[in-house]
Amino acid sequence: MNSTPRFAITGHPNKGKSSIVATLAEDETVGISEIPGTTRDAHSYPMCMDGETLYELIDTPGFQRAREMLEWLKNSETSVADRRASLNRFIQEFANDPRFHDECELLKPIMKGAGILYVVDGARPYGSEYESEMQILQWTGQPRMALINLIGGEEHVSEWRRALDQYFSIVRVFDAQHADFKKRIDLLRAFQALDESWFASLDLAIGVLEENRAQRLHRAAREIAELLLAVMCKRESAQLDDENIDLQLQSSLVSKLKDNIREREEQCCDVLQQICGHTKLERNIERNQLLQEDIFSERSFSLFGLSNTQLAITGAASGAVAGGGLDMMVGGASLFLGAGIGAVVGGVSAIFAARQISDVEVLGSPIGGYELHVGPVSDVNFPWVVLGRVVLFYRLVSERNHALRDAIAVSSESANSFSESMNMKQRQVLSDLFKQIREHQLIDSKGMVSLVRQIENLCK
Amino acid sequence: MPEIRERSGRTLFEDTVNILHFLEADRAAPYAKRQHRDRQIGQGACENILDQPLKTVQCWWQQISADRPGEHNEGNKLIRVRGLVGLAAVVFGLLSGLGVIAAVFQYDGSHPINVVTLIAVFVILQSVFIGTSLLMLLPGQNFLSRALASLNVGAMISGIMHRTLLKSSSSSVFFMGTSDHTQAHNLLLRWQLFSWSQLLGCAFNTGALLGAVLLIVFTDLAFGWSSTLMFETVQFQKLIYLVSLPWAGIWPDASPTQALIEQSRFYRLGAEQATPFIAQSLTAWWPFVVACILSYGLLPRVVLLSISRVFVQRALATLLMDNPQVISLLDRMRTPEVALGSPVLISPEMLLDEEPHAKPNSISGSVPLIIWADAAERFQLLSRLEKDSSVQVSQAYKAGGACSMAEDMETITTLLEKRSDSILIAVKSWEPPLNDMLDFIALLRQKCGDKTQIILFPLGPDLSVADQQEVRIWRHASKRLSDAQLFVEPDL
Ligand SMILES: Nc1nc2c(ncn2[C@@H]2O[C@H](COP(=O)(O)OP(=O)(O)O)[C@@H](O)[C@H]2O)c(=O)[nH]1
Ligand SMILES: [Mg+2]
């Protein structure tokens, strides 16, 4: 049990201890607050693989009465070798004293063997009031590292370094709110240097995290591919009394179709968010920012769809009308089930005519009645719009730092740059796949593999 | 490790339907929960077969369905539907077989049953039917397969089922193929249709064979041959020879002899009655007839039926294993579950907007100034106060930070020797108000009595004006002391 590396994040209140824990533990529920002293109790954030803890981060309250505590310790100390004992005496003595609640909470895990991560803010100057804290931590004799967080600047980093070097074996700069995955892994590597006995566990943890990262991308790409396939093939149908199109029925089917597609997109984003570990976030906080634009809106189409030129280059535009609005996306067809060829009886919009008879209509029988079909959405830009929105969402959410609490702001530039970020070849391959789906209402396994791979590249 | 039940075709079908159905609904479940559940199963019951995807998935399903018995009968329902369609095909086939035989074997004693008709029906037509159903299997959506599909009786039956029994149920969705857009699904449908057609074919031929045998045994039949086309006997002999080639070696009696063929020719016009002798020899045709039905009807149908069963199984397996959801499932079962973060949700206290706060009375006379934890350099601070404010500082003291608690105590004592109605404390606005500092204020209050104003003066770095947000935090913290004469004031 003692070989599991444990790290107590300590320091002055309000210097980003909890933010660092949130980032490292990819946990957006860590109590981060601008009000100092928010974290009242030590709280553990284990990293587990199949239930086995590989390391553990402990968010602690900050020091509140370090000066007084150090004086007590100095008075009770008999020799340098006695320091740990005197710390333990302190914990015993004040365990139930509300005055030293925070100090006891933060010391307990350390005295049980946790390593120390001492957090300071490199944007603010060093001050003498930090000295007692650092001394107390030094007294514990535990392996310790200082992290210089950057709450809005780094003017005082070197000043801090000079002070911290006196008390800590490793001093690093770590920007809690902007540390990407690589930086976090680097930090874990630095933890390894703190104590040899933690090396293996942390090594395993790093491997697992890296593996997990790659899988996350793959999983997300698969979800997106599935979404595309589903929405591109989605249809609605209802029975008709005769061969004439019931316009009211048609428009209700159209809105049902659109609702279904929106819902499916929503669901996909849910899963993507969860795959990225933003599980406990209030649903929709970010999505509302990004996806508030309705998927069927003109703006969505102009933001995410390919331009006419782009479409023409990929050859997708031929035969289909590019860049259109709603009226051409849906249409109706009434057909006589089972009659086989020539079953389309009329009133069919041009876009749908070619596709209403698909494979399965062989199951229809001559005694079947009339059915009104709406969908699938056949606009050539439709899959691009869905793809663009969802991929952009994934990119944002996957790099979304767990210490951030505000919503993502999405500019239309980021949407524009999406279609630009693809090269000709990618666009061509995707365009061909979309064409296959559009024309055959299905995809073969090879196509699926290729689609997933393309999306993976876009998500990176 | 529980043994894996031997899975028959029936259960693969049932499993496939159930699994896909379950996974579709499972999409809405939280990802972490799914990951946990599937990894648990992957590490538990199915651990030793993780390298065999199909088995793994089936094993997983066993575990899942064991937890909720009786809940997932979608597959069962579909099996029944499939069985019903099959049964309908069998009944229809048997009846039509019997009917066709009854029609073809109509013998009123005036004319023998025409072998040419029999060949046309049981050899040529059958072969054409078998040929067309083979054509149906050609890949692609060609005109031919479409046209043929609409003739397909199996398809018609299931179409009828769709329109009548299963309206809008999810089972029809499965068979009509609108739920899944993988090629595998298409393939499965095709093979299922093919299989039904073969079942119907088998039933038809069984009916025909049964009818033929019954009629031969219990009634008096005579066979002969006659053709409006001017068939020469020799040509007819050749035809019979060709037709009976498949069984010539095994069943010689079923190959009509030259004599029999010559004897049994008859002409509808110029009706000369067959003599009883001839009539008797004419019954000798029956083995040929039976052999025709067997080898051109029943046997190929049985072979095709068994092939189709195999292909249905394979298509089912592909449908299951190609499904993206199933691929994700396998992925979840095989890869370690990585959990970061805490399962407990904490909601921190957030800072309110500007809280109401009181202003200190204007400071009269000179006041003592305490510089807390080196909030500023003494002389710089004093000259700034002199320049920018009306406050007159009588004496500046140091407390907090590097000072000891005893030194702080001493500072309080000396400072209170001179009376003053206010005390100023300069603090670093960017540092949080710690209890260490609040203790000091409480002590100071205790010593100086209730009347004296204690004014916290937050300073930004390098004597700059304190940030508004930081001031708010200081005001918030100072409330903890519930001291009416304690103020936080960034501008003096
Ligand atoms: N800009 C910026 N703000 C930060 C950073 N780290 C923490 N903060 C903010 O600093 C405040 C205190 O953070 P918190 O993690 O609760 O500190 P703790 O009291 O040490 O646990 C919060 O308002 C955070 O949003 C950072 O790297 N950059
Ligand atoms: Mg905290």
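The chat below goes through the ligand site and the aromatic pairs of a predicted model.

User: Which residues are the closest around ligand 1?

Analyst: In this predicted model, ligand 1 is surrounded by 16 residues, and the closest are N14(A), K17(A), S18(A), S19(A) and N149(A).

User: And how does that shell divide into nonpolar, polar and charged?

Analyst: The shell around ligand 1 is made up of 5 nonpolar, 7 polar and 4 charged residues, and helix α1 (residues 17-24) of chain A gives the largest share of that shell, with 3 residues.

User: What lies 2.7 Å from an oxygen atom of ligand 1?

Analyst: That is a polar side-chain atom of S19(A), while on the nitrogen side an N or O atom in the side chain of N149(A) is 3.0 Å from a nitrogen atom of the ligand, and a polar backbone atom of L150(A) is 3.3 Å from a nitrogen atom of ligand 1.

User: How much of the ligand's accessible area does the protein cover?

Analyst: On its own ligand 1 has 580 Å² of accessible area, of which the protein covers 84%, and the space that the ligand takes is the second largest pocket.

User: Changing topic, how many aromatic pairs are there over all chains?

Analyst: The structure holds 22 of them over all chains, including an edge-to-face pair of W72(A) and F94(A), with 5.6 Å centre to centre and 80° between the planes.

User: Where in the chain do W72(A) and F94(A) sit?

Analyst: W72(A) belongs to helix α2 (residues 66-76) of chain A and F94(A) to helix α3 (residues 83-94) of chain A, so that the pair, 22 residues apart, links distant parts of the chain.

Terms used:
Residues are numbered from 1 along each chain as its sequence is written. Chains are lettered from A and ligands numbered from 1 in the order in which they are written. This is a predicted model: local features need pLDDT of at least 70, side-chain atom pairs count only at pLDDT 80 or more; totals for chains, interfaces and linings use all residues. Side-chain values use heavy atoms; hydrogens and water are left out. A residue is near a molecule or strand if one of its heavy atoms lies within 4 Å of it. A polar contact is a pair of N or O atoms within 3.5 Å; within protein, one must be able to donate a hydrogen and the other to accept it, and residues adjacent in sequence count only if both atoms are side-chain atoms. Accessible areas come from the Shrake-Rupley method with a 1.4 Å probe; for residues, only the protein chains shown count as cover. On a 1 Å grid over the protein atoms alone, a cavity is a set of points where a 1.4 Å probe fits but cannot get out, and a pocket is an open set with protein on both sides within 12 Å along at least five of seven lines; lining residues have an atom within 4 Å of a point. A molecule sits in a cavity or pocket if more than half of its atoms lie within 2 Å of its grid points. Helices (H or I, at least four residues) and strands (E, at least two) are DSSP runs, numbered from the N terminus. Ala, Val, Leu, Ile, Met, Phe, Trp, Tyr, Cys and Pro count as nonpolar, Asp, Glu, Lys and Arg as charged, and the others, Gly among them, as polar. Rings of Phe, Tyr and Trp (its six-membered ring) pair if their centres lie within 6.5 Å; planes under 30 degrees apart count as stacked, over 60 as edge-to-face and the rest as tilted.
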